[in-house]
Amino acid sequence: MIHKATGYWIEEAGGQPRFAPLDGERDFDVIVVGGGFTGLWTAYHLKSAEPDLAVGLIESHRIGHGPSGRNGGFVDAMWVSFASLVARYGSLPALKLARASERSVSQVGEFLDQHGVEAWFRKSGYLNVSTAPAWDGSWDANLKAMREAGIVDGPRELTPQEVQEICASPAFRGGVHYGAAATVQPARLAFGIRAACEQLGVELFEWSPALRIEDAGPGIKVAAPAGLARAGRLVLASGPTLAGMGSPLKSNITLASSHMVITEPVPDVIEELGWTGGEAISDCRSLLTYFRTTPDGRIAFGWGGGRIAAGGRRFGRAELDAEVIEGVISGLRRYFPMLADRRIDYAWGGPIDASATHLPHVVELPSGRAFAAFGYTGNGVGPSQMVGRSLASLALDRRDEYSELAFIEPASALTRVPPEPFRWIGGAMIREAIGRQEEAHLTGRSVDPVSALVARIPQLIGFHIGR
Ligand SMILES: Cc1cc2nc3c(=O)[nH]c(=O)nc-3n(C[C@H](O)[C@H](O)[C@H](O)COP(=O)(O)OP(=O)(O)OC[C@H]3O[C@@H](n4cnc5c(N)ncnc54)[C@H](O)[C@@H]3O)c2cc1C
């Protein structure tokens, strides 16, 4: 098994062009910081809307090599979080946001078709399954919120028998199937957007970390090691690093991590499971496990149970953690025991920017000319395309449906997370307790009272855990 930070998808996507670092002094209309999905989609939508706009994108390492190029490739709408959206924004704004996120899934597919990018996009929906009695019906509140909002074409609740017809894991019970979801090869998607940006004339710079940002005076200045970019507008799309020291949003983000493995091709196992429809599947845990197939018959399996990172540290055990990978592999074999003797080809991981609401937020920073997005909490692949539209509209001062979506809030309205070191220490304790509680649920044991109490702390202090 090859265990490295960047994982399987980037390797599979093949050799990619390199871009020179930002050098000398440069002027742009808009400068985008961060070359993941959020930054790439923003640059793409800016240049598509206004071809003469000078747009620069600076990336601290390689474009698309962060979480955007190494995730599970679930392209989800936000229906699965609909009850949380209603609780935060009210029914109508939540509905507009969820509908826009549903369109975002299709728009990703349309982008790939339009640009001739083969990124394995397959729209087979998303199945959320219970794997222990504790999670049976855990989707009830979400489906109720959808019914109350008048959604008649919503998700389909499935009996255990119906779930078995989709994927016959011995661990699966009942579930719910959300139609508006797809899977994709995430690195191929990221590199496809990068190529489209380049074609449109976005100037791309790699190995150019934004070290200092000055948002005062006539223009914004972004300093990188070998150059300085000046711009009228700034978009901060640096994902997990927004949790770090010096970030204007450091009080609103916790850094967790998610880790994945991918098997050798096992088409016979996929056939045996009857899992030939390409559905993206996850269980209902707070420390979620998620899995999907690939066109060459592999199973990619991930677990959101990685460690909490101190400050904004996105490297180290946030991306390489042998102990967590052991947990991923035992999760894989628990749900798919027939894989016990099959080879695992790759393991990898990456940081997750978690907001207190577990929902993404788009913010206008106090100067009114800098904007940021964060907090996808492990669900950014589908929504980031919509977020890119919102950030582009805000940076262009356009009033349209994307500049008015409910997730655009002033920074002062965002829920704060505890300061460091309490965020890290408390987060680590809570993660351990939730892990013990969920393991007890999965093995049919009773939960020890201390773990049960600590696992409830987020709820008691108004933090949302899970969808
Ligand atoms: C293992 C794993 C599995 C996941 N699975 C899924 C999934 O199946 N479905 C889903 O929807 N989501 C999933 N996610 C989450 C998803 O990957 C993210 O929500 C999404 O990629 C966020 O995109 P982004 O552009 O905001 O951030 P990123 O992809 O983190 O991009 C930010 C970029 O900014 C760069 N950067 C940071 N600091 C600076 C700086 N100072 N200057 C310049 N550049 C900087 C980084 O190098 C990075 O390239 C998963 C994440 C992980 C780690």
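Predicted model: local features only at pLDDT ≥ 70, side-chain atom pairs only at ≥ 80, totals over all residues.
**Close-up 1. Ile220 and the residues it touches.** Leaving aside residues up to four places away in sequence, Ile220 touches Ile213, Glu214, Asp215, Ala231, Leu234, Arg369 and Ala370; two residues are in contact if their C-beta atoms, placed from the backbone, lie within 7 Å. Ile220 itself sits in strand β11 (residues 220-224). Helices (H or I, at least four residues) and strands (E, at least two) are DSSP runs, numbered from the N terminus. With 21 other C-beta atoms within 10 Å, Ile220 is buried. For this term, a residue is buried if 20 or more other C-beta atoms lie within 10 Å of its own, exposed if 12 or fewer, and partly exposed in between, again with C-beta atoms placed from the backbone. Trp139 lies 81 residues from Ile220 in sequence and 45 Å from Ile220 in space, C-alpha to C-alpha.

Residues are numbered from 1 along each chain as its sequence is written.

**Close-up 2. Helix α2 against helix α10.** Here helix α2 (residues 37-49) meets helix α10 (residues 383-395), with axes that come within 7 Å and cross at roughly 50°. Axes are lines fitted to C-alpha atoms, for helices over the stretch in contact, and angles run from 0 to 180 degrees between N-to-C directions. The two helices, α2 and α10, are therefore oblique to each other; angles under 35 degrees count as roughly parallel, over 145 as roughly antiparallel, 65 to 115 as roughly perpendicular and the rest as oblique. The crossing of α2 and α10 is right-handed, a term used if the near helix is turned clockwise from the far one by less than a right angle, with anticlockwise giving left-handed. On the α2 side, the contact is made by Phe37, Thr38, Trp41, Thr42, Tyr44, His45, Leu46 and Ala49, and on the α10 side by Ser384, Gln385, Val387, Gly388, Arg389, Leu391, Ala392 and Ala395. Sorted by class, the contact of α2 with α10 has 9 nonpolar, 6 polar and 1 charged residues. In this sorting, Ala, Val, Leu, Ile, Met, Phe, Trp, Tyr, Cys and Pro count as nonpolar, Asp, Glu, Lys and Arg as charged, and the others, Gly among them, as polar.

**Close-up 3. Helix α4 against helix α10.** The axes of helix α4 (residues 91-114) and α10 come within 7 Å, crossing at roughly 105°. That makes α4 roughly perpendicular to α10. Look for Ala100, Ser101, Ser104, Gln107 and Val108 in α4, which meet Pro383, Gln385 and Met386 in α10. The residues of this contact of α4 with α10 divide into 4 nonpolar, 4 polar and no charged.

**Close-up 4. Helix α3 against helix α5.** Helix α3 (residues 82-89) packs on helix α5 (residues 140-148) at an angle of about 60°, with their axes 7 Å apart. The pair α3 and α5 are therefore oblique to each other. Phe82, Ala83 and Val86 in α3 meet Ala141, Asn142, Ala145 and Met146 in α5. By class, the contact of α3 with α5 divides into 6 nonpolar, 1 polar and no charged residues.

**Close-up 5. Two loop residues with positive phi.** His358 has a positive phi of about 65° although it is not a glycine. Its place is the loop between β17 (344-355) and β18 (361-364), and His358 is buried, with 20 other C-beta atoms within 10 Å. Asp397, also not a glycine, has a positive phi of about 60°. You will find Asp397 in the loop between α10 and β20 (408-410), where Asp397 is exposed, with 10 other C-beta atoms within 10 Å.

**Close-up 6. Arg173 in its loop.** Arg173 lies between α6 (160-166) and β7 (175-178), in the loop there. With 20 C-beta neighbours inside 10 Å, Arg173 counts as buried. Not counting residues up to four places away in sequence, Arg173 touches Val129, Ser130, Thr131, Asp136 and Pro160. The C-alpha atoms of Arg173 and Ala141 are separated by 18 Å, and these residues are 32 apart along the chain.
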